[in-house]
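Let's take a walk through a protein model together. Have a look at the sequence and the structure first, and then read on.

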Amino acid sequence: MSSHILQRVPLVLEYPVAFTRGLFDADNPTLVEILARREPDRRHRAVAVVDAGVAAAWPHLAGSIEAYAARHADRIELLAPPWTVPGGEAAKTAAVLDDLVGRLAALRVDRHAFAIAIGGGAALDVIGFAAATLHRGVRLVRVPTTVLAQNDAGVGVKNGINAHGAKNFLGAFAAPFAVIDDSSFLATLGARDRVAGMAEAVKVALVRDPEFFAWLEDSAGALAAFELPAVERLVRRCAELHLAHIAGGGDPFEQGNARPLDYGHWAAHKLELLTQHELRHGEAVAIGMVLDARYAVEAGLLDETSYARIVALLARLGLPTRHDALRSPALLDGLADFREHLGGDLTITLLSAIGRGVDCRDVRDDLVHRAIAYLA
Ligand SMILES: NC(=O)c1ccc[n+]([C@@H]2O[C@H](COP(=O)([O-])OP(=O)(O)OC[C@H]3O[C@@H](n4cnc5c(N)ncnc54)[C@H](O)[C@@H]3O)[C@@H](O)[C@H]2O)c1
Ligand SMILES: [Zn+2]
């Protein structure tokens, strides 16, 4: 004899993603309104943790944050001066995580207090993991400072660190309390980081939104020149599509095998490794997307004209479309790695048209070889 109770807990996740400039200008209401969103009549305890690369590029930032908190002292109690975590992948270690948790614990950050995380995707990932696990979850406000983090890495529900030799090996799914994209931060990005983040916009346009792809083509000159209104529009549309996918894609915590927003990513992950991260993630994604677009042509799914449009757009934005590492025999291992990353059967997304991604479950090595040979 056995019986069971089927436990069912419907959950709604809700968080605002705000867009602004000059977030810490004394009279910008965005942050204070967001902190007070659920409890308008309280003074909210908060800490601010900053990516060291951002802190270096913005030497007055810590002072501005303290001045902002002082100006809004009726709503914000800053528990300590802002402190930094390393920028880039150096942030995503167990040592940085442990240090963060220790500091948050010492400041008695509890489930009602806020951790405000300011930085690139890597810094946000480790701060987010600390916030998700301390007391099983303290409130996290992400302030992404790269194009990639503002349109992709910083707006979703994932966080994590690298461990045991594997990227993002430890982490959790956890929704932030809020995300605030401040485009002013983008001004200090290096030339390669500016463009690299745009690859994710091309990606989401390719699998989801042909009008957005056409807009990217029309705006390629302004985007390559990093004209702020065009960049802001790119970030916003890309973030919207990303958020719509999380909310409406039926798999917010990635339990299935299909991962349309990982278009071009199986080869990209491998290319990043093969070049010892000399290629930025977005640069590797650009090359991976061209490879998978060529594969789709070889498989008879995609027409040559669409393929040529994809390559031309990436090139006009200033992204690479091929690399010598494509010739490495180890590239194909990327498919096996990707299967493991999905945690099940191999499914990759291919294009049947610009704006239309389709699941592909039988990836053929001979066609991958043909696509590689074409590019090389
Ligand atoms: N959680 C997710 O859903 C998700 C999704 C995609 C990627 N990611 C992660 O994001 C990371 C990549 O993020 P990224 O592309 O934002 O780069 P990054 O975080 O590695 O930052 C790149 C460099 O830019 C510096 N920097 C950041 N903002 C700056 C600014 N405004 N001015 C000057 N320098 C600045 C950083 O200090 C760092 O040195 C990877 O670790 C990746 O795994 C996470
Ligand atoms: Zn990506």
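This is a predicted model: local features need pLDDT of at least 70, side-chain atom pairs count only at pLDDT 80 or more; totals for chains, interfaces and linings use all residues.

Residues are numbered from 1 along each chain as its sequence is written, while chains are lettered from A and ligands numbered from 1 in the order in which they are written. Helices (H or I, at least four residues) and strands (E, at least two) are DSSP runs, numbered from the N terminus.

Let's begin with strand S5 (114-119). Six of its six residues are buried, where buried means that 20 or more other C-beta atoms lie within 10 Å of a residue's own, exposed means 12 or fewer, and partly exposed is in between, with C-beta atoms placed from the backbone. In a regular strand the side chains alternate between the two faces of the sheet. Both faces of S5 are covered: Phe 114, Ile 116 and Ile 118 sit on one side, and Ala 115, Ala 117 and Gly 119 on the other.

Which strands pair with S5? Strand S2 (residues 44-51) runs parallel to S5, joined by five bridges, and Val 47 has Ala 115 as its bridge partner in S5. S5 also pairs in the parallel sense with strand S6 (residues 139-144), over six bridges; there, Phe 114 is partnered by Arg 139. Pairing here takes at least two DSSP bridges between two strands.

Now for helix H14 (residues 304-317). Ser 306, Ile 310, Leu 313, Leu 314 and Leu 317 of H14 are buried. They cover an arc of only 95° around the axis, so they lie on the same side of H14; the arc is that of the directions from the helix axis to the C-beta atoms. The face turned away from the buried side carries exposed Glu 304, Thr 305 and Ala 308. Among the elements that the buried residues of H14 pack against are helix H13 (281-298) and strand S10 (348-353). Contact means C-beta atoms, placed from the backbone, within 7 Å.

Helix H12 (residues 265-274) is mostly covered too, with nine of its ten residues buried. Among them are Trp 266, Lys 270 and Glu 272. The cover over H12 includes H13, helix H15 (333-342) and S10.

Here are some residues with a positive phi:

| Residue | Phi | Where |
|---|---|---|
| Gly 318 | about 100° | just after H14 |
| Gln 276 | about 50° | just after H12 |
| Arg 108 | about 55° | loop between helix H4 (94-106) and S5 |
| Asn 168 | about 50° | strand S8 (residues 166-170) |

Arg 108 is exposed, with 9 other C-beta atoms within 10 Å, whereas Asn 168 has 15 such neighbours and counts as partly exposed.

Finally, what surrounds ligand 1? The shell holds 29 residues, and the closest are Gly 53, Gly 87, Gly 120, Gly 121 and Thr 146; a residue is near if its C-beta atom, placed from the backbone, lies within 6 Å. Helices H2 (52-57), H5 (121-133) and H6 (147-153) each supply at least two shell residues. The shell divides into nine nonpolar, 13 polar and seven charged residues. Ala, Val, Leu, Ile, Met, Phe, Trp, Tyr, Cys and Pro count as nonpolar, Asp, Glu, Lys and Arg as charged, and the others, Gly among them, as polar.

Methods: Two residues are in contact if their C-beta atoms, placed from the backbone, lie within 7 Å.
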